[in-house]
Amino acid sequence: MNLYDTRYHSIKNLIETKFEDLKDWNKVREIEFLSFGTFEEKLDIISQMYNLGYEKITSEIWNKLIDLIEEKERERKITKLGDNIKNDAKIPQDKNSSWQQYKKKLIKQKWSMESIESIEESSYGILRNLSMDTEEDGPVKGLVIGNVQSGKTANMAGLMALAADNGFNYFIILSGVIENLRIQTSERLFNDMKSDGNGNLHWNQIHNPTVRSAAPEHNISKFNLGKNHLDRYFTVCLKNSKRLEALIKWLESDENKAKQLKILVIDDEADQASINTKKIEEEDYTQINKLIRKLVNSKKFRGMNYIAYTATPYANVLNETSEDSLYPKDFIELLEPSDDYIGPKQIFGTEVPEACPAVDIVRSISDEDAKKVVAIQEGELNDVLPESFKKSIHWFIICVAAMRAIDYRKPITMLVHTSFKIASHNIIASKIEDYLLYFKNNYTGILQELKKLYEIESMDFKRSFFLEALPDYSSKESVPHYPSWELIEKYIERLVWLSDDEYVSHINLGDGGEPVYHKGFHLTIDNSRAKATNQIVRLVYPKKNQMPSTAPAFIVVGGNTLSRGLTLEGLTTTYFLRTTNQADTLMQMARWFGYRKGYEIFPRIWMDRLALQRYQFLSQMNEELREEIGVYAEQGLTPKQYAPRIKNSANYQLIRITSGNKMQSASPKEYDFAGFNSQTVYFENDEEKLQHNLNITGQFLNSLETPDINKNHMIWRNVDPQAVIEFLESYKVCPLDIKMSSLPSLLGWVNKNGANMDGWSVVFPTKGLDESLVQSEWKIHGYYPIANERSKLKIRSTEQISNIGALRTPADLLADLEADVSPNSSKMAEIIKLREVHGYGNVPQLIIYKIDKGEMTEEAFIEKNINKDGKPTKLNRQPLNFPKDIIGINVMIPGLTKKGDFATYISATVNIPEEDSIDEEQFIEE
């Protein structure tokens, strides 16, 4: 029985509606909303009413459907900060309503029922916060936080449909700064909203309205805006001062009609262009921000609601907070992506709780290769592309061949993002073309390299790895298997047999000026002024009627225009060099986030070390923001009462949240290390450094008093801070461990702020303690501790540097508590709460791990890690094979204490006084 089958959908709607009326699950179960007949007769009536044909609803199905919905109510996928119901909106059940018509379209587009229900739930949750009469209380302002490439437009369309069914009559979508993307958005929304011919509402698409226009569709005085009228109107407007000025004048041109307008403004990509970047103390505003404020704060309309949509909300919650600003004073809602979404958490993992990437598809660009690419694109070096770049091109060739072999019929894309400079794009594109032609002419000699790469990649990221990483994936059966190399080779041969002009070129134009697509590689430059005779240089995907018989291949070289709004179809291969350390820009660059239906096993990302570390930090920051909003949402707070906090970076060289002029209400003014909680995960295969750390650790621990022994933990409490500082000053951190490399700065801060903290806890976890058997000369207070075991991640490690992914365990973070406490989850919020409850909220903690050097062969390692079914469990890992045991550390500093107010986050100070505004230079250090 599939409870998500579409034939049960109307019955689930019935159950939800009746629970909303009765507020009692037992009454719904007993079908008390029907006043006649036995329970079985009532089920018969429901079966007939909801047209299930031959199938009768049994009591088992009825109760299971109720269980499903009741569970969904308990674990709602929407999290909302602010809970101010402003209307009695309902989810319409009429099949001719805009919402039901839109839902039917989503089903036709193969959206899963779970995803559709999520859109319904989140859209309804937002709708309940809106008002069609804001003349007394002023405009409603909210923020919806989605994810990059996660289907935000579908959620916006769902909200429009539900709002239209409930009486809203005008919709304004503020859509970026690029006209062709505005047109695409407008057409898509119109196609989403218009009915199949039987809809209750009539949708009108109003393009670029102006009072000077004589076009009939721009005559607002003729609009049907009365309560019982069925016309609905929408405008997709560029964030362009002339367009916005014209729109506002036009909306206000007829006072009587303006008083009938019940407006919903949806600001798409609201952290772009909408934010005021001028100094707020001077009461001056950037033009776009000024005009949006004028529209939203106008008192000429019956109802005004402004909702900002973004995947990168840092500027929206750190900019202005005054009453007339766009600060989301009424609510902030999180859109949870479906179980099929591949985002930062899946690709980069998180630090807290310790989670290695579930979809381990990132491959390394060495520092040498990164420098070489920069030199080439700057014109300082005329050389061939470095090895990692060639390898990425090889992988793309393999993907094109493999996906054609499994009969994939849509575009297949490679993204190259190495610079913002247009001139650099042209140089890199030329080098790619040169290498593709070199490959074609030397195909037989290079083929073995491709075969080896394919064998390695298909072992390092198996189909089973993907399915294990996403256990709730809705399309498990459609996840492809890797085809045989023999079949792939045949498709590669078909590529190299093409003529040169069909093998690699820009997009050709036919006689009628329409794009014509061939079977080779379409090399496009998306941010280019370059022109070619009878060719399109920029990326244009084929429409349905232009699609060639075989899946077309595109290599897209670009920069800034690829950062927003553009979905790259069939993205399998990315070559990415970090070009900024700004969090919101980095997240928007991540075109590889999203849905990969039908080619889930093929995507790979080549990335330089610093970019990888920044994205790992961003993944953590993203999760913490969501988790914290959830905590405060449970308490029923609004953004007025609680300003969301953004995790600040301990090292501005690593990352900054957003540009300084977008976070003018941010507080505190100075960064500190309160709340710092980090572990060493990189280790250098350097015998001298390893021995040094072993020596100083033995000396430090033996210099302390006799420890308490709790299970396999040696524990010292109330340790003198100076002794800890001296140890940490001597400890050698691997230079690649950027966050832990900030130890010198942290120790300086601890020296300055240590008076606000208690004495340190020092914890030494082991696999066991032995008093008699001498296993090594390394002895702590009479015990010979058995070293912990760790292994290294294959893809994140080299011969010289090992990345172990995670060092600590959640239980270790609580080992120093005097009570025997085990965490229910690995979420840091719970760990901190338990420490505070047990009187350790003010105690800094140092955990020291001795890790076994891990000497063993690959075969022995695989044999050691076999599950009960006889299958190896750690195929993405290898033994360490170091010459000495390793010392790893975790440092945790208290965040909020009774003795002093520390801050490791930044947040907006709501209604911040003018004299307290901050200098942007404090946030733009490089």
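The points below cover the basis of the model, its overall make-up, and selected local features.

1. Basis. The structure is a predicted model, in which local features need pLDDT of at least 70, side-chain atom pairs count only at pLDDT 80 or more, and totals for chains, interfaces and linings use all residues. Residues are numbered from 1 along each chain as its sequence is written, and side-chain values use heavy atoms, with hydrogens and water left out.

2. Overall make-up. The protein chain holds 27 helices and 33 strands; helices (H or I, at least four residues) and strands (E, at least two) are DSSP runs, numbered from the N terminus. Of its 926 residues, 57% count as buried, where buried means under 20% relative accessible area, exposed over 50%, and partly exposed in between (1.4 Å probe, protein chains only). Among contacts (heavy atoms within 4.5 Å) with a separation of 6 or more, 79% join residues 24 or more positions apart.

3. Helices α5 and α6. The axes of α5 (residues 98-108) and α6 (residues 113-127) come within 10 Å and cross at roughly 150°. Axes here are lines fitted to C-alpha atoms, for helices over the stretch in contact, and angles run from 0 to 180 degrees between N-to-C directions. The two helices are therefore roughly antiparallel, a term for angles over 145 degrees, with under 35 as roughly parallel, 65 to 115 as roughly perpendicular and the rest as oblique. W99, K103, L106 and I107 of α5 meet M113, I116, I119 and E120 of α6. These contact residues comprise 6 nonpolar, no polar and 2 charged; Ala, Val, Leu, Ile, Met, Phe, Trp, Tyr, Cys and Pro count as nonpolar, Asp, Glu, Lys and Arg as charged, and the others, Gly among them, as polar.

4. Aromatic pairs. There are 30 aromatic pairs in the structure; rings of Phe, Tyr and Trp (its six-membered ring) pair if their centres lie within 6.5 Å, and planes under 30 degrees apart count as stacked, over 60 as edge-to-face and the rest as tilted. One of them is the stacked pair of F700 and F727, with ring centres 4.7 Å apart and planes at 15°. This pair links distant parts of the chain, F700 lying in helix α23 (residues 687-703) and F727 in helix α24 (residues 721-730), 27 residues apart. Both residues are buried. Elsewhere, ring pairs join F348, F576, W592, F593 and Y615 into a cluster.

5. Y170. This residue belongs to strand β3 (residues 170-175) and is buried, at 0% relative accessible area. Its C-alpha atom is 4.9 Å from that of I263, 93 residues away along the chain. Leaving aside residues up to four places away in sequence, Y170 touches residues including I206, F223, W250 and I263.

6. Helix α14. In α14 (residues 367-377), the buried residues are D369, A370, V373, A375, I376 and Q377. Their cover includes β9 (362-365), α15 (387-405), α16 (422-441), β17 (571-576) and β18 (604-608). Just after the helix, G379 adopts a positive phi of about 80°.

7. Most residues other than glycine have a negative phi. K711 has a positive phi of about 55°; it lies in the loop between β23 (708-710) and β24 (713-719) and is exposed, with a relative accessible area of 60%. H781 also has a positive phi, near 50°. H781 sits in the loop between β26 (769-770) and β27 (784-785) and is partly exposed, at 25% relative accessibility.
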